[in-house]
Amino acid sequence: MTSDDVPALELDGLTKTFNETRAADDVSIAVPRGATLGLVGPNGAGKTTSLSMAVGLLRPDSGTARVLGVDVWRDPVEAKQRMGVLPDGLSLPERLTGGELLDYWGRLRGLPRDVTRTRAEELLQVLELDGAERDGVLVAEFSTGMRKKIGLATALLHAPDVLVLDEPYEAVDPVSARVLTAILRRFTDGGGTVVISSHVMALVEQLTDRVAIIAEGRVLADGTLGEVRGADATLEDTFVRLVGAREVGEGDLAWLNS
Amino acid sequence: MVELLIRLKITLGRHSSVGTRFLSLVMIALGVALTWYLAVAATSDQVRSGLLMLALAVWAGGWLLGPTITNGVGVLRAQYFTLLPLDRNRVGAGLLATAFVGTGPLLTLVATATVAWHAWASDPAALFLGLLGMLALLVLMVSLSRLVFRALGAAMHSRIGMEIASLQWGLILAGLFFGWMVVQPAFSAVSSLSREGLQGTVLTVLSVVPTSWPVLAVDAAAAGSWGAAFGWLGALGALTLVTVLVTVRLLAPSVAPRGVRRRSRPLGSRVLLGGRSFLPDTPLGAVVGKELRQWWRDPWRGLELRAALWTGLIIGVFGLIGPLPQIAPFAGVAALLVIGLGGANMYGHDGTALWLTVVGQGRDTLRADVRGRQIAFALLAGPSSAALSLVAVVASGAYWAVPYVVSGLVVFLGVTAGLTLLLSVVAVTPGVDPHLRVDANDAGDNQIQVWISLVALPLLSAPALGTLVWAGVQGVPWLAVPVALANGALAAWLLGRSAHQRLEKRLPETFTRIRYGKAVAAQAAAGSGGGLLDQLERGALATNVDIKPTGS
């Protein structure tokens with residue numbers, strides 16, 4: 001099942017309609033093992049919807065997703081064991097400290113206590129959350145960036161094969177962003193596969209080796225960075241070419257200069 | 001700006017459901033009719049004066065408690081306007097002004113117009129006093145209402161505030177269950193009321209209440225003492241002004257940090273710092289530990305738990321001072337039942353945090369999640385209601401009640417531990433997501449859970465309760481305790497099993513309900529037919545109000 005040619009993560013014809021709006025329309029993307037895929041698209045393009053269906057948070061109208069060949073919707077328990085997930089903007093058990101959250105998570109995932117404790121301590125330290133832990137700061141009191149970081153720690157704690165991260169860099173300060181990038185590189189160097197969604201092109205270009213562009217629920221391009229970019233100078237140019245952009249003309253918004 | 005805010009409120013109102021609003025409107029209209037009946041049917045000026053004072057005090061009470069009980073009051077939230085370059089107090093004033101728009105304030109104005117009628121009937125020269133009093137009363141009541149509601153919201157920032165909010169809820173709930181004992185003498189006198197009016201201490205007490213002051217002003221004017229008349233009205237005016245100013249201040253957007261402030265490390269938070277753990281390294285241990293901490297530390301959960309204990313305590317006090325002393329020893333049992341009602345939306349309380357359970361789903365996770373929550377619930381509800389029972393029995397000296405209290409506690413602990421979880425899963429209703437919560441009723445709506453529990457709790461406990469009645473009649477009430485134990489344990493086990501099997505089948509749908517709100521969840525629910533649980537899910541979708549802004 002998990003031979004090398006099986007994609008680490010495969011979105012297969014994922015389709016979802018919300019109140020007659022097609023949020024995802026036959027989304028198919030295959031991510032080879034060891035790759036880092038950037039999923040980019042404008043706001044409301046269907047990135048979060050597609051990723052939610054891929055990790056088991058949202059049941060698709062049709063299509064499915066596979067993690068290392070295991071069907072997320074037919075064998076969720078097996079598939080979820082191989083995945084680490086960071087959703088965007090959701091709540092956590094708000095009245096736990098970061099350490100308590102990881103302790104809860106480790107036990108829930110069935111990790112032995114000493115493994116949980118060592119990994120949790122290391123994660124909190126690397127992500128610079130150890131100070132907050134010493135002060136007993138609850139997740140409810142965390143800043144947006146700290147929430148991202150503790151979320152990332154939960155995604156990493158059980159050492160998954162595939163990481164699916166929705167907007168991991170949002171609200172994270174530049175220093176923490178470097179740490180985050182280093183963690184992701186370490187993860188892929190060890191054979192792990194990463195999928196991140198973002199609308200920051202420069203970040204995706206710098207971090208990933210594969211990219212998929214999605215707009216209005218449809219995949220417009222999917223491949224290695226070079227394949228997708230083609231003759232364009234930057235990924236942003238490709239993105240604008242594919243998605244289309246409203247140009248700001250000479251006379252528009254003239255009042256801004258007044 | 002005020003006009004703009006009012007239009008925004010009306011636009012938002014158009015997008016919300018009507019359901020419970022209709023019921024409250026009917027109640028208010030009936031109140032208006034009753035107030036006018038009392039004003040017109042009174043046989044003398046003096047009788048009318050007393051009756052109006054009572055009626056106006058009740059109106060003020062309604063305005064004070066109403067917004068807390070009904071959901072969705074905070075339509076225009078102050079924090080929406082935090083970033084606008086406007087004076088914060090002007091935003092507060094604008095928001096207060098919007099509170100006067102609507103059918104409720106309009107009908108209240110019709111009711112307070114009885115003061116003008118009273119003035120006209122007592123002495124036409126005092127009419128302008130009556131008209132001024134009418135307007136001041138409306139402003140006072142509506143401002144006070146917003147004041148109390150915001151104060152409750154602000155209360156969620158501190159431990160003592162949460163305790164006050166719990167006490168207020170306790171009073172409301174105990175009043176709903178046993179308030180009739182207090183009101184009943186008043187009702188039995190209602191036929192003679194329009195003839196004889198109110199007498200004695202009631203009048204003295206009422207004359208202290210500010211809503212009575214315009215009536216007293218009119219009475220003074222009619223008696224010729226205009227100095228006293230202006231004094232009463234002036235006092236009302238001054239109080240109204242102060243209330244408005246304080247309310248404006250409270251309604252102004254706040255940028256202070258949210259959540260309960262602490263000075264020290266929270267209890268039991270040293271898991272990584274070498275602290276001992278008494279819980280097993282299993283998913284079940286994980287859930288029990290998390291749940292106990294959440295119940296202990298989350299002000300919104302704390303509110304449910306404490307309000308229930310206050311309700312029990314107040315019911316006990318009603319029993320001690322009222323005409324039905326038999327209820328006093330059952331204070332703890334009552335508290336336990338109310339904890340059960342409040343806990344019936346646990347997954348709604350947790351909001352989108354359910355994603356952890358979804359993406360972390362292992363072979364045993366969902367069973368552990370349900371059983372762990374049951375255990376934590378029982379660990380908190382059991383000892384606290386037992387302790388309250390002990391106090392109540394000793395205080396009332398009703399030792400005859402001990403076997404009844406024990407049987408009640410045992411059977412209801414099991415039944416509520418089962419029913420709350422099943423309802424929490426099937427009828428899950430999200431509130432404002434936990435990390436964005438501000439107001440006291442921002443946790444999800446649970447009205448359908450409450451109604452169903454009120455019917456289902458006695459039904460599910462029927463074997464034990466039946467045995468208790470039989471054994472009581474036979475003079476051996478202790479015989480019911482083992483039956484209660486079996487009944488409770490079986491209910492907890494079966495209902496809990498039903499809950500985690502349901503979750504097993506519909507985990508993504510449950511998350512969808514929380515994450516995407518009503519409309520999307522209705523797509524995923526079985527359209528018609530299905531079992532009892534499917535019908536219940538549809539019922540919750542149709543009845544409970546979403547106070548959550550739907551996300552993208």
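Helix H6 (residues 144–156) of chain A lies across E6 and strand E7 (162–166) of chain A, running at about 170° to E6(A). Helices (H or I, at least four residues) and strands (E, at least two) are DSSP runs, numbered from the N terminus. Contact requires that the C-beta atoms of two residues, placed from the backbone, lie within 7 Å. Axes are lines fitted to C-alpha atoms, for helices over the stretch in contact, and angles run from 0 to 180 degrees between N-to-C directions. This is a predicted model, in which local features need pLDDT of at least 70 and side-chain atom pairs count only at pLDDT 80 or more, while totals for chains, interfaces and linings use all residues. Residues are numbered from 1 along each chain as its sequence is written, and chains are lettered from A and ligands numbered from 1 in the order in which they are written.

Helix H7 (residues 174–189) of chain A lies across E3, E7 and strand E8 (193–198) of chain A, at about 145° to E8(A). The strands named so far belong to an open sheet of six strands in chain A, with the order E6-E7-E8-E3-E9-E10 and mixed pairing. Its edge strands, each pairing on one side only, are E6 and strand E10 (218–224) of chain A. From one strand to the next, the twist averages 15°. Within this sheet, strand E3 (residues 36–40) and strand E9 (residues 210–215) of chain A pair in the parallel sense over four bridges; pairing requires that DSSP finds at least two bridges between two strands. A:Leu37 has A:Arg210 of E9(A) as its bridge partner.

The contact between the chains takes 41 residues from chain A and 40 residues from chain B. On the side of chain A that touches chain B, the elements giving two or more residues are helix H2 (76–81), strand E6 (83–86), helix H3 (98–108) and helix H4 (113–126) of chain A. H3(A) supplies the largest share, seven residues.

In chain B, helix H21 (residues 480–516) has 37 residues, yet its end C-alpha atoms are only 47 Å apart, short of the 54 Å that a straight helix would reach at 1.5 Å a residue. The expected span is 1.5 Å times one less than the number of residues. A kink of about 85° lies at B:Arg506, shortly before the proline B:Pro508; the bend at a residue is the angle between axes fitted to the seven residues ending there and the seven starting there. Just after H21(B), B:Gly517 takes a positive phi of about 85°.
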